[in-house]
Amino acid sequence: MKSWLTSLVLLATLGLAAHAQPFQDKTAALGLALGNDQACWVDLDNDGFTDLCASGTVWHNEQGQRFTKRAEGVGLVVAADFDNDGFADLFSWSQLKLWHNNGGKSFTETPLPTLPACVSRGACWGDFNGDGFVDLFIGGYEDWDRGITYPSLLLLNQKGKGFTLAWQDATYRARGVTACDYDRSGSLDIYVSNYRLQPNRLWRNDGAAHFTDIAPDVQALATTPSFEGGHSIGACWGDFDNDGHFDLFAGNFAHVDSRGDQPKSRFLRNLGPTGGYHFDDKGECGVFYQESYASPAAGDFNNDGNLDLIFTTVYGVASFSRPNFPVLYQNRGNFVFTDATAAAGVSNLPPTYQAAWADIDNDGDLDLVCGGKLFVYQGSPNTHWLEVQLVGDGKRVNASAIGAQVRLTLKDKTLTRQVEAGTGEGNQNDLTLHFGLGAGTSRVTLEILWPDGKVQTIKRAKPDQRLRVTYRR
């Protein structure tokens, strides 16, 4: 009786009917046979439905009804339109290969400049020098047995004709790489999660792709005072308190052994302009301890307006006599997160680095790929939403609109989302921005901050629609 009542309470807090779990495993039903490696969502043929790249395979989304295999062997990727031809291309950080998208039908390898030896765990796209074309930041990891730290690399886009190697650094062992104009300065900054108790880096961009590490200065190291850094694997940006500023969640693999109580995963609250865009370390905020946490991804799965968090683990359920399993955390507001894994229907996932969000069937709620499974949301029909697809002009703003931000103001909070190509460790959420509006049915106003600094306002947008906005000078 007690467990039944507990389940009712959990379902009620999720805003769901008591008779059903909201996420249903539709992997096999939709024709998918997924690997367990990192995943990237992106609409590759511009048919309005997001496709899936996972474990080296490209799956085409057949209008939310089925997926069919489109290509194999592309590696683990992040996606953006590097030549502004209107079709998103793929960069494989696992292979260090660039795959050009041929009109949504096939992929051709495009030569990159000669690169130093590198092993990577993740990369991100972004127009770091403001020329209207997306560049690449590639995290360099390690060969622990051979004592090698591989360099992180910055590749600058030559107007869609190729790339040049502009910078390299082999100081730290990078894992997750994710970008955000966190201080709204008009240039994309980069957060790099470093492993082996090394400090994380927040590379501040001067707008010309010259970067300075300011993580210690703005309290973005995501560690505890007795450690230089943590075993950070993945991080994600998100406005977790709906104040209009992008915060950080840093995921730390943390041993508790003879070496000490190592830094746990933590939320870093962006204090905004009044706080000099420094970060306030909020700690774990309800993210309970597991030793082997790995890759996080943020998304509002229940459409209440608050960004929730899926957080994967490396160990299995019973590894090292400690339970370790991917957890879905529901955001209750004010940096309070609770475990919604069982109530939401995503229990018993295997060890994985795979976690990414997208609305695969355009029904106004987010679906989840994690642990080799695709979970389709079947939750409450009584919540409202708005989805926004931003498109650059390919001249001043890159065609994928990477780096653009949208603010949506409700009565008591400001929802903020960004177009990003790289989150957690090597994953990518869909480029279409998703806003949960809760019970709100009123028209809303959007403020778009484009990567070139232009601010565009859209007034009285109707809820419950997918809105496409193209940049205009």
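A charge is taken to sit over a ring if NZ of Lys or CZ of Arg is within 6 Å of the ring centre and within 35 degrees of the ring normal. By that criterion arginine 196 lies over the face of tryptophan 144, at 3.9 Å from the ring centre, and the charged end of arginine 121 sits over the ring of tyrosine 353, 4.8 Å from its centre. The model is predicted, with local features needing pLDDT of at least 70 and side-chain atom pairs counting only at pLDDT 80 or more, while totals for chains, interfaces and linings use all residues. Residues are numbered from 1 along each chain as its sequence is written, and side-chain values use heavy atoms, with hydrogens and water left out.

**Aromatic pairs**

- Rings of Phe, Tyr and Trp (its six-membered ring) pair if their centres lie within 6.5 Å, and planes under 30 degrees apart count as stacked, over 60 as edge-to-face and the rest as tilted; a search of the whole structure finds 28 aromatic pairs.
- The pair of tyrosine 182 and tyrosine 277 is edge-to-face, because the ring centres are 6.3 Å apart and the planes stand at 90°.
- This pair links distant parts of the chain, 95 residues apart: tyrosine 182 is in the loop between strand S16 (174-180) and strand S17 (189-194), and tyrosine 277 is in the loop between strand S24 (266-270) and strand S25 (279-283).
- Strands here are DSSP runs (E, at least two residues), as helices are (H or I, at least four), and they are numbered from the N terminus.
- Both tyrosine 182 and tyrosine 277 are buried, where buried means under 20% relative accessible area, exposed over 50% and partly exposed in between (1.4 Å probe, protein chains only).
- Tryptophan 237 and phenylalanine 279 form a tilted pair, 6.4 Å centre to centre with 50° between the planes; tryptophan 237 lies in strand S20 (residues 231-238) and phenylalanine 279 in strand S25, so the pair ties together parts that are 42 residues apart in sequence.
- Tryptophan 237 counts as buried at 3% relative accessibility, and phenylalanine 279 is buried with a relative accessible area of 3%.
- Ring pairs also link Phe240, Phe249, Phe267, Tyr293, Phe311, Phe335 and Phe337 into a cluster.

**Nonpolar cores**

- A nonpolar core is a set of buried Ala, Val, Leu, Ile, Met, Phe, Trp, Tyr and Cys residues joined through side-chain atoms within 4.5 Å; the largest has 71 residues, and those with the most contacts inside it are Leu90, Phe91, Trp125, Phe128 and Leu390.
- A second, separate core of 17 residues includes Ala222, Phe246, Ala250 and Tyr277.
- Leucine 390 touches (heavy atoms within 4.5 Å) residues including Ala401, Val419, Leu433, Trp450 and Val469, not counting residues up to four places away in sequence.

- Strands pair if DSSP finds at least two bridges between them; strand S3 (residues 51-54) and S4 pair in the antiparallel sense over three bridges, and alanine 54 has threonine 57 in S4 as its bridge partner.
- S4 also pairs with strand S5 (residues 67-72) in the antiparallel sense, over five bridges, and the bridge partner of valine 58 in S5 is alanine 71.
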